[in-house]
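Reader: Could you walk me through this one? I would like to start with how you use your terms.

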Amino acid sequence: MNTKKIVLMLAMIFCAIAFTACGDDDDNNDTGSGITGTYATPSEYDKLVKQNFRWFIVISKNMVTYYKSAGVNNSNYWAGGIAVPGASGWYVERGSECTASYVEYDGKLVLENGDIYVIQGSDLVRNGLRYSKYK
């Protein structure tokens, strides 16, 4: 009985390995259409909490990551905050990241959640906020 179980488990492992794709569809090094990168609004200083804040979005070849919290250039501000990819020294609240696929259409970046960013040169604009490529 144990031999049958071992043979069955080996067959299942073989099938799992044999049918696994080797490619990486999430290759963030592919520049795609040139829109990929980290974008941020201008930094704004809040006198009450004495911190600089800015909003970030990160665009890869086939995915957009946006954040429900503003980024802060202080790693201690958000307890357990996470670093914004491509924006050294900026942190957002853990759990605030959301992802969505997108398409480029008619000068716009249209996200699957319905958000629309207008492409203006090398900037993106949404609801009056201008996001520039982070440098």
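Author: Let me begin with burial: buried means under 20% relative accessible area, exposed means over 50%, and partly exposed lies in between, with a 1.4 Å probe and protein chains only. By that rule Tyr131, at 6% relative accessibility, counts as buried, and Tyr117, at 3%, counts as buried too.

Reader: And what sort of model is this?

Author: This is a predicted model, in which local features need pLDDT of at least 70 and side-chain atom pairs count only at pLDDT 80 or more, while totals for chains, interfaces and linings use all residues. Residues are numbered from 1 along each chain as its sequence is written, and side-chain values use heavy atoms, with hydrogens and water left out.

Reader: Back to those tyrosines, then: how are the planes of Tyr117 and Tyr131 set against each other?

Author: They form an edge-to-face aromatic pair, 5.8 Å centre to centre with 75° between the planes. Rings of Phe, Tyr and Trp (its six-membered ring) pair if their centres lie within 6.5 Å, and planes under 30 degrees apart count as stacked, over 60 as edge-to-face and the rest as tilted. Tyr117 sits in strand β12 and Tyr131 in strand β14 (residues 129-133), 14 residues apart; strands here are DSSP runs of E with at least two residues, numbered from the N terminus.

Reader: Which sheet do the strands form, and in what order?

Author: Nine strands form an open, antiparallel sheet in the order β9-β5-β4-β1-β14-β13-β12-β11-β10, where two strands pair if DSSP finds at least two bridges between them. β9 (97-100) and β10 (102-105) stand at the edges with a single partner strand each, so one side of each is left without a neighbour in the sheet.

Reader: What does β10 pair with?

Author: β10 is joined by four bridges to strand β11 (residues 108-111), running antiparallel, and Tyr102 has Leu111 as its bridge partner in β11.

Reader: Where is the positive phi in the hairpin of β11 and β12?

Author: That hairpin has four residues between its strands, and Gly114 in the turn has a positive phi of about 100°. In the next hairpin, of β12 and β13, there are two residues between the strands, and Gly121 takes a positive phi near 65°.

Reader: Changing topic, is Val49 buried or partly exposed?

Author: Val49 counts as partly exposed, because its relative accessibility is 34%. Val49 lies in the loop between β2 (44-46) and β3 (51-54).
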